[in-house]
Amino acid sequence: RAGNALRPGGKLILDFDCPDHLSVYDAEQNRKPCLIGTDDRGNTGRHFVFGSLINEKTRNVRFTSRTEMLPSKGNPFRATSNDIRHFPTLSEMCSWLYREGFTVEVIHGGHHGEPFDLHNRRAVILARKDESAFIP
């Protein structure tokens, strides 16, 4: 849907997890909090992912996530949910872009122009909205 926000010739940058094997994701996520930090109001929080169930064929990962918050004012709380996340392959992501009227100009392995290969964990894609793309 982001394609509708761009005029022909406009560019889009996508930065996404692109693990070749999802078992890498599972091992990394279960070791430590995914996110931890404090916002500008002094609220502190942590986010964990655990108990992943991986389906390599569909590239879906079922997991439990837990968020722990310590507000600067008020009582601490926890929220737990069961979620499913789909990890697209690089070819799947590129085909979605093509179908929406984009041309992939370059794929990097990071924000500093690192080369991409299939063993990278990250893919940074620069795509351009085709001039012939329809704008409603």
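Analyst: The side chains of Glu68 and Arg66 make a polar contact of 2.9 Å, the term standing for a pair of N or O atoms within 3.5 Å, where within protein one must be able to donate a hydrogen and the other to accept it, and residues adjacent in sequence count only if both atoms are side-chain atoms. The side chain of Glu68 is also joined to that of Arg78 by a polar contact of 3.4 Å. This is a predicted model, in which local features need pLDDT of at least 70 and side-chain atom pairs count only at pLDDT 80 or more, while totals for chains, interfaces and linings use all residues. Residues are numbered from 1 along each chain as its sequence is written, and side-chain values use heavy atoms, with hydrogens and water left out.

User: Is Glu68 buried or exposed?

Analyst: Buried means under 20% relative accessible area, exposed over 50% and partly exposed in between, with a 1.4 Å probe and protein chains only. Glu68, at a relative accessible area of 10%, is buried, and its place is in strand S4, residues 60-70; strands (E, at least two residues) and helices (H or I, at least four) are DSSP runs numbered from the N terminus.

User: Over the face of which residue does Arg66 lie?

Analyst: A charge sits over a ring if NZ of Lys or CZ of Arg is within 6 Å of the ring centre and within 35 degrees of the ring normal. Here Arg66 lies over the face of Phe48, at 5.0 Å from the ring centre.

User: How should I read helix H2, and which of its residues are buried?

Analyst: One compares burial with direction around the axis. In H2, residues 90-99, the buried residues include Leu90, Met93 and Leu97; they lie on the same side of H2 because they cover an arc of only 65° around the axis, the arc being that of the directions from the helix axis to the C-beta atoms. Ser91, Tyr98 and Arg99, on the other side of H2, are exposed.

User: Which residues make up the largest nonpolar core?

Analyst: In soluble globular proteins, nonpolar side chains tend to be buried together. A nonpolar core is a set of buried Ala, Val, Leu, Ile, Met, Phe, Trp, Tyr and Cys residues joined through side-chain atoms within 4.5 Å. The largest here has eleven residues, among them Leu12, Phe16, Leu90, Met93, Leu97, Phe102 and Ile125, and S1, H2 and S7 each supply at least two of its residues. Apart from it lies another core of five residues, including Val49, Val61, Phe63 and Phe87.
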